[in-house]
Amino acid sequence: MENPTQYLLVDTKVLPEIFLKVVQAKHLLASGQAKNSSEAARMMGISRSAFYKYKDCVYQYTSNVSENIITIYAALLDQPGVLSRLLGELYQVGANILTINQNIPVDSVAPVSISVSLEGLTVSREELFTALRQLEGVVEVRRISGQ
């Protein structure tokens with residue numbers, strides 16, 4: 001019977017350089033800076049075979065990802081520009097929008113849930129919610145998940 005996959009959290013200072021280069025090559029691909037895996041491998045100075053050997057086994061770990069992701073529920077009046085103002089305010093305070101789910105309005109109010117990363121937030125979370133609640137056309141705003 002084969003052993004299940006196990007993961008280790010290892011300081012990059014003790015890893016062979018190839019693993020870091022594979023992670024960087026994957027980033028080049030994901031961000032569009034490299035057109036394909038061959039170009040990404042070449043840009044990082046590694047062979048394609050090394051890239052393919054490790055690409056599905058090494059990932060960058062970010063410890064604070066889940067701490068900084070929240071889901072916001074908002075009830076918005078069914079009027080042009082309300083959702084745009086809400087998204088604009090999130091942009092202005094440095095929130096990174098991850099997902100948006102808007103349902104069909106009922107009684108002229110549309111429910112919206114928005115998941116955002118607050119890693120780059122330039123105001124406190126309390127100030128963020130205060131600003132969102134003050135926007136024209138926003139009926140209600142509350143945090144439904146995340147810290």
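What follows is a working chat about a predicted model.

Colleague: Let's start with the sheet: which strand pairs with β1 over 9 bridges?

Modeller: That is strand β3, residues 109-117, which runs antiparallel to strand β1, residues 69-77. Within this pairing, T71 has S115 of β3 as its bridge partner.

Colleague: And how does β1 pair with β4?

Modeller: β1 and β4, the latter covering residues 138-145, also pair in the antiparallel sense, here over 6 bridges. In that pairing, A74 stands opposite V141 in β4.

Colleague: What about I100, where does that sit?

Modeller: I100 belongs to strand β2, and it counts as partly exposed because its relative accessibility is 43%. Leaving aside residues up to four places away in sequence, I100 touches L87, V112, S113 and I114.

Colleague: Moving to the helices, which residues of α4 are buried?

Modeller: In helix α4, residues 82-92, the buried ones are V82, L86 and L90. They cover an arc of only 80° around the axis, so they are on the same side of α4.

Colleague: What covers them?

Modeller: The cover over the buried residues of α4 includes β1, β2, β3, α5 (125-133) and β4.

Colleague: And which exposed residues are on the face turned away?

Modeller: The face of α4 turned away from its buried side carries S84, Y91 and Q92, which are exposed. After the helix comes G94, which has a positive phi near 90°.

Colleague: Which residues of α2 are buried, then?

Modeller: Helix α2, residues 37-44, has S37, A40, A41 and M44 buried. Viewed down the axis of α2, its buried residues fall within an arc of 100°, and therefore they line one face of the helix. What these buried residues pack against is α1 and α3 (48-54).

Colleague: Switching to charges, how many salt bridges are there?

Modeller: The count comes to 4 salt bridges. One of them joins R142 and E140, whose closest N and O atoms are 2.5 Å apart. R142 is partly exposed because its relative accessibility is 38%, and E140 is likewise described as partly exposed, with a relative accessible area of 32%.

Colleague: What does K13 pair with?

Modeller: K13 forms a salt bridge with D11, and the closest N and O atoms of that pair are 3.7 Å apart. With 72% relative accessibility, K13 counts as exposed, whereas D11 is partly exposed at a relative accessible area of 41%.

Colleague: And which residue is the partner of D56?

Modeller: D56 forms a salt bridge with K55, the closest N and O atoms being 3.1 Å apart. K55 has a relative accessibility of 24%, so it counts as partly exposed.

Colleague: Which residues form a nonpolar patch on the surface?

Modeller: L8, V10 and V14 form one, and together they have about 330 Å² of accessible area. V10 is in the segment before α1 (17-30), and it counts as partly exposed because its relative accessibility is 38%.

Colleague: Last one: where is E67, and how far is it from G45 in space?

Modeller: E67 lies in the loop between α3 and β1, and it counts as partly exposed because its relative accessibility is 42%. E67 and G45 are 35 Å apart in space, C-alpha to C-alpha, and 22 residues apart in sequence.

Key: Residues are numbered from 1 along each chain as its sequence is written. This is a predicted model: local features need pLDDT of at least 70, side-chain atom pairs count only at pLDDT 80 or more; totals for chains, interfaces and linings use all residues. Side-chain values use heavy atoms; hydrogens and water are left out. Two strands pair if DSSP finds at least two bridges between them. Helices (H or I, at least four residues) and strands (E, at least two) are DSSP runs, numbered from the N terminus. Patches are made of residues with over 30% relative accessible area and no salt bridge: like charges are joined within 9 Å, nonpolar side chains (Val, Leu, Ile, Met, Phe, Trp, Tyr) within 5 Å. Accessible areas come from the Shrake-Rupley method with a 1.4 Å probe; for residues, only the protein chains shown count as cover. A salt bridge is a side-chain nitrogen of Lys or Arg within 4 Å of a carboxyl oxygen of Asp or Glu. Buried means under 20% relative accessible area, exposed over 50%, partly exposed in between (1.4 Å probe, protein chains only). The arc is that of the directions from the helix axis to the C-beta atoms. Contact means heavy atoms within 4.5 Å.
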